[in-house]
Amino acid sequence: MKSGRGIEARSRAGQFGAHMWARRWVSDLESLVSRGAAHLARTDARKDKVLSLGHSGRTVRCDVESSRPEPFTVEFTFAPLDETDSEALRTALRQEENGVLGALAGEFSDTIGFLLLPALHGATSYSCHCPVQPGPCRHVLAAAYIMVEWWDASPQVMFELRGLGAHQLGAVLRGPGGEGDTVGVDVEESLWGSDPLLPTVPSPAPAGLEDLLDAPVTRRMAAAATNDPLEQLRVVADLEDFLDAFGDYRSR
């Protein structure tokens, strides 16, 4: 099979991955193989032999080209967070500079990264159908190198890989005392705190567009329009841009 038809590796030399938590995870894998096998895997990744990367829930599948006519399928499965890690993640998320929504958008510290992607042993299982088993084999490593570059571009997927969808993350944030096992994220509280300052109702009716699009009002409009926290931020930003443009137009 001809090389160069797969996913192009961003790293052409040196280490793969920009985040310390991802590099630690790769180092754990490399510690299980010889230096020669690691070198072959790096070469495979940089020759674009990882043909595909598919993600579903806590599982990632990659097809990796080999000397055989058909590629080998590599599969990684990430364990859900246990109670101890959930408690640590809950504490860390509340201390994040960009808040919960920033973390969900991929803007989180290394502290969160190390919690979402802990040491390899016990937290990640992997498999390959090549004859070199038990692994990790060069195909598993090559896929891992491409995966960490994927995490560089989309670090927010780490929440899904640890089984933290919107409902599960809401339960983590609320803690053991929360109501039920699948409590959704309280978007209003995440955005504005537990006791948000709401705008006073104008009397008489709003004087103009500025009153209607006062910042707290736009936030509540966005919350009513969608349950997606990231989409709410986009709605607010679009409305604020519209208000700025309207003000410029009116001043002409």
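Figure 1. At a relative accessibility of 28%, G135 counts as partly exposed, in a structure that is a predicted model. The residue belongs to the loop between β4 (124-128) and α6. Its C-alpha atom is 8.4 Å from that of V33, although 102 residues separate G135 and V33 in sequence. For the chain overall, the secondary structure consists of 12 helices and four strands. Of the 252 residues in the chain, 38% are buried. Among contacts between residues at least 6 apart in sequence, those joining residues at least 24 apart amount to 68%.

Figure 2. Helix α6 covers residues 138-153. The 16 residues of α6 should span 22 Å at 1.5 Å a residue, and the 23 Å between its end C-alpha atoms agrees with this. Because 13 of these 16 residues are buried, α6 is largely enclosed by the rest of the structure. Apart from neighbours within four places in sequence, the contacts of H139 are V64, E65, S66, F72, V74, C128 and C130.

Figure 3. Helix α2 comprises residues 35-46; at 1.5 Å a residue, its 12 residues should span 16 Å, and the end C-alpha atoms lie 17 Å apart, in agreement. The buried residues of α2 are A38, A41, D44, A45 and R46, and α6 is included in what covers them. Just after the helix, D48 adopts a positive phi of about 60°. Most residues other than glycine have a negative phi. D48 has its positive phi although it is not a glycine. This residue is located in the loop between α2 and β1 (50-56). With a relative accessible area of 13%, D48 is buried.

**Figure 4. The crossing of helices α2 and α6.** Two packed helices are described by the angle between their axes and the distance between the axes. The axes of α2 and α6 cross at roughly 50° and come within 8 Å. This angle makes α2 oblique to α6. The crossing of α2 past α6 is right-handed. On the α2 side, the contact is made by A37, A38, L40, A41, R42, D44 and A45; on the α6 side, by R138, L141, A142, Y145 and I146.

**Figure 5. The packing of helices α1 and α6.** Helices α1 and α6 pack with their axes 10 Å apart, at an angle of about 175°. Helix α1 is therefore roughly antiparallel to α6. The contact is formed by W21, A22, W25, V26, L29 and E30 of α1 together with V140, L141, A144, Y145, M147, V148 and W151 of α6. An α-helix has 3.6 residues a turn, so residues three or four places apart point the same way. Residues L141 and Y145 of α6 take part in the contact with α1, and L141 and Y145 also take part in the contact with α2.

**Figure 6. The aromatic pair W21 and F108.** Across the whole structure, a search finds eight aromatic pairs. In the pair of W21 and F108, the ring centres are 5.9 Å apart and the planes stand at 40°, so the pair is tilted. Distant parts of the chain are linked by this pair, with W21 in helix α1 (residues 20-30) and F108, 87 residues away, in the loop between α4 (99-104) and α5 (110-116). Both W21 and F108 are buried.

Figure 7. F78 and W151 form an edge-to-face pair, with 6.1 Å from centre to centre and 70° between the planes. F78 belongs to strand β3 (residues 72-78) and W151 to helix α6, so that the pair links distant parts of the chain, 73 residues apart. F78 counts as buried at 1% relative accessibility, as does W151 at 0%. Ring pairs join W21, W25, F76, F78, F108, W151 and F159 into a cluster.

Notes:
Residues are numbered from 1 along each chain as its sequence is written. This is a predicted model: local features need pLDDT of at least 70, side-chain atom pairs count only at pLDDT 80 or more; totals for chains, interfaces and linings use all residues. Side-chain values use heavy atoms; hydrogens and water are left out. Helices (H or I, at least four residues) and strands (E, at least two) are DSSP runs, numbered from the N terminus. The expected span of a helix is 1.5 Å times one less than its number of residues. Buried means under 20% relative accessible area, exposed over 50%, partly exposed in between (1.4 Å probe, protein chains only). Contact means heavy atoms within 4.5 Å. Rings of Phe, Tyr and Trp (its six-membered ring) pair if their centres lie within 6.5 Å; planes under 30 degrees apart count as stacked, over 60 as edge-to-face and the rest as tilted. Axes are lines fitted to C-alpha atoms, for helices over the stretch in contact, and angles run from 0 to 180 degrees between N-to-C directions. Angles under 35 degrees count as roughly parallel, over 145 as roughly antiparallel, 65 to 115 as roughly perpendicular and the rest as oblique. A crossing is left-handed if the near helix is turned anticlockwise from the far one by less than a right angle, and right-handed if clockwise.
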